[in-house]
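Here are some notes to read alongside the model. Keep the viewer open and follow the points in order.

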Amino acid sequence: MPDCRFGISTHLFHDRRLTREDIIDVAAHDFELLELFATRSHVDYRDPGVVSELREWLSDARMNLHSVHAPVMEGMRGGQWVGSFSIASGDEKRRKAAVAEAEAALAIAASIPFEYLVVHVGMPSGQRIPPGDNQPDAARRSIVEIVEAAARVNVRVALEVMPNPLSGAANLVQAIEDQLDGVNVGICLDYGHAHLMTDAAEAVETISGHLWTTHVHDNNGKRDDHLVPWAGTINWDEAMMTTQKIGYEGVLMFEVGSGGVEPVEVLKRIVKARERLEKTFVTF
């Protein structure tokens, strides 16, 4: 993986409006790929003017949009979720609303092409989960609908590994192979989420053959802190060795939070982590 590309998720700026200066700062730290976290309080993906503006910012910074994170909430306020969207809701009205938001985010591709839509299957553990949520049948129907919508704009859907009964690494593999056979869907390995459930390297092995894209961040095994790699307890040498062993040559997308620190300072830490990650790759 010596030529592996790295990207930055706008999760780093998620608690406020994304600005042109944010994109310029990311590019200034030698990143060319971006994942957009689609939350309307962050980037109003339903506003064509906002999407057009984002296209200009990316062009000016010579950056490409690699992926979009499907909406999981109505907005952010004071660092907290406001409302939530769940494609696995047993409430049909709520399920359809979540699918509609994913389709609205997919519409970005008409103006700014991107490769992957990263999708949460249900609500993550730790959030307030409404009764009747995280239903497998509801999730399957939603995934099929979203994949069909994504295909119309040449986007592929990657289901994110995260802590809930539907989205552990083994659960997603089983769903893809048994319930979603014939559906063009893959997995986004979130190393931090995998660490909260079992082990990051073990999750890599489990999803081998289905891995399409990634989220790279760290934690101490207890909370989803979205730390810079090596600020938590993930064994990154082992995780990267296993990632390389299964033949993954795609993007490593940093999905790091600000943690109350100025994003530019976090970007400097990410650059150092990128250099360390590069040193874990073995050249054959």
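**Notes on the pockets, cavity, core and loops**

1. Let's begin with the second largest pocket: its lining splits into ten nonpolar, three polar and two charged residues. Here Ala, Val, Leu, Ile, Met, Phe, Trp, Tyr, Cys and Pro count as nonpolar, Asp, Glu, Lys and Arg as charged, and the others, Gly among them, as polar. The space in this second largest pocket is about 250 Å³. Of its 15 lining residues, P136, L166, N171, A175 and Q179 are the closest to its centre. The elements giving two or more residues to that lining are α4 and α5.

2. Before going further, a word on the basis. This is a predicted model, where local features need pLDDT of at least 70, side-chain atom pairs count only at pLDDT 80 or more, and totals for chains, interfaces and linings use all residues. Residues are numbered from 1 along each chain as its sequence is written, and side-chain values use heavy atoms, with hydrogens and water left out.

3. Some terms for the spaces: on a 1 Å grid over the protein atoms alone, a cavity is a set of points where a 1.4 Å probe fits but cannot get out, while a pocket is an open set with protein on both sides within 12 Å along at least five of seven lines; lining residues have an atom within 4 Å of a point. Grid points are joined across faces, edges and corners, and a volume is the space filled by probe spheres set on the points.

4. Now the largest pocket, which holds about 870 Å³ of space. It has 34 lining residues, and H11, W81, Q127, D224 and H226 lie nearest its centre. Two or more lining residues come from each of β5 (80-82) and α6 (191-197); helices (H or I, at least four residues) and strands (E, at least two) are DSSP runs, numbered from the N terminus. The lining of the largest pocket divides into eleven nonpolar, 15 polar and eight charged residues.

5. What about enclosed space? There is one cavity of 30 Å³ or more, and the largest cavity has about 60 Å³ of space. Its lining includes A70, F85, A102 and H120, and divides into eight nonpolar, two polar and no charged residues.

6. Look next at helix α5 (residues 169-179), whose buried residues are A169, L172, V173, A175 and I176. These cover an arc of only 160 degrees around the axis, so they sit on the same side of α5; the arc is that of the directions from the helix axis to the C-beta atoms. Buried means under 20% relative accessible area, exposed over 50%, and partly exposed in between (1.4 Å probe, protein chains only). The buried residues of α5 pack against β7, β8 (185-190) and α7 (200-206).

7. Leaving aside neighbours within four places in sequence, L117 is in contact (heavy atoms within 4.5 Å) with residues including V68, A70, A102, I146 and V157.

8. Finally, two loop residues are worth a click. R62, in the loop between α2 (48-61) and β3 (64-69), has a positive phi of about 55 degrees although it is not a glycine. R62 counts as exposed, at 75% relative accessibility. N154, in the loop between α4 (136-151) and β7 (156-160), is not a glycine either, yet has a positive phi of about 60 degrees. N154 is exposed too, with a relative accessible area of 71%. For background, most residues other than glycine have a negative phi.
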